[in-house]
Amino acid sequence: MLEGELAARIRQAIGHEPRSAKSVHGLEQLPADVLDDIETINRACGGLYVFAYLYHVTDATFSDVKLYVADRGWHHSAD
């Protein structure tokens, strides 16, 4: 769950409340608004925040989200 400073920074970066927990199925076909959010979060906060956001809004596993972030080259900011 997104809470505390993590949630506050994500809300500040995307300019709105994140989707509700586990509201997106998988990572294969993310909705356009989620793709926009993760690009914005990555630019503003880095890969760790993208990871937290995706883990919150999708039902994907920890490992799948980690691979998704790494595949985009954002893992360097999440290590």
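In which helix is the place of H56?

Mentor: H56 belongs to helix α3, and the model in which we examine this helix is a predicted one. Let us begin with the residue and then follow the helix to its partners.

The relative accessible area of H56 is 12%. Since residues under 20% count as buried, H56 is classed as buried. Leaving aside neighbours within four places in sequence, H56 is in contact with M1, L2, R19, S20, A21 and K22. K22 lies in the loop between α1 and α2 and is partly exposed, at a relative accessible area of 42%. The phi of K22 is positive, near 55°, although the residue is not glycine. As a general rule, most residues other than glycine have a negative phi.

We may now turn to the helix itself. Helix α3 covers residues 47–57, and helix α2 covers residues 32–44. The axes of α2 and α3 come within 8 Å and cross at roughly 155°. Angles over 145 degrees count as roughly antiparallel, so α2 is roughly antiparallel to α3. The crossing of these two helices is right-handed. On the α2 side, V34, D37, I38, I41 and N42 take part in the contact, and they meet G47, Y49, V50, Y53, L54 and V57 of α3. Sorted by class, the residues of this contact of α2 with α3 comprise eight nonpolar, two polar and one charged.

Helix α3 also has α4 as a partner. The axes of α3 and α4 come within 10 Å and cross at roughly 140°; the two helices are therefore oblique to each other. Here, too, the crossing is right-handed. From α3, the contact draws on G47, V50, F51, L54 and Y55, while α4 supplies F62, V65, K66, Y68 and V69. The residues of this contact of α3 with α4 divide into eight nonpolar, one polar and one charged.

V69 is buried, with a relative accessible area of 2%. Not counting residues up to four places away in sequence, V69 touches G47, V50, F51, W74 and H75. V69 and A52 are 17 residues apart in sequence, and their C-alpha atoms are 10 Å apart in space.

The buried residues of α1, which runs over residues 4–14, are A7, I10 and I14. They cover an arc of only 65° around the axis, so they are on the same side of α1. The general principle is that an α-helix has 3.6 residues a turn, so residues three or four places apart point the same way. The cover over the buried residues of α1 includes α2 and α3. The face of α1 turned away from that buried side carries the exposed residues G4, E5 and Q12. Just after α1 comes G15, with a positive phi of about 80°.

Definitions and conventions
Residues numbered from 1 in each chain as written. Predicted model: local features only at pLDDT ≥ 70, side-chain atom pairs only at ≥ 80, totals over all residues. Heavy atoms only, no water. Axes fitted to C-alpha atoms, helices over the stretch in contact; angles between N-to-C directions. Helix = DSSP H or I, 4+ residues; strand = E, 2+ residues; numbered from the N terminus. Parallel < 35°, antiparallel > 145°, perpendicular 65-115°, else oblique. Left-handed = near helix turned anticlockwise from the far one by under 90°. Contact = heavy atoms within 4.5 Å. Nonpolar A, V, L, I, M, F, W, Y, C, P; charged D, E, K, R; others polar. Buried < 20%, exposed > 50% of the residue type's maximum accessible area, 1.4 Å probe, protein only. Arc of directions from axis to C-beta.
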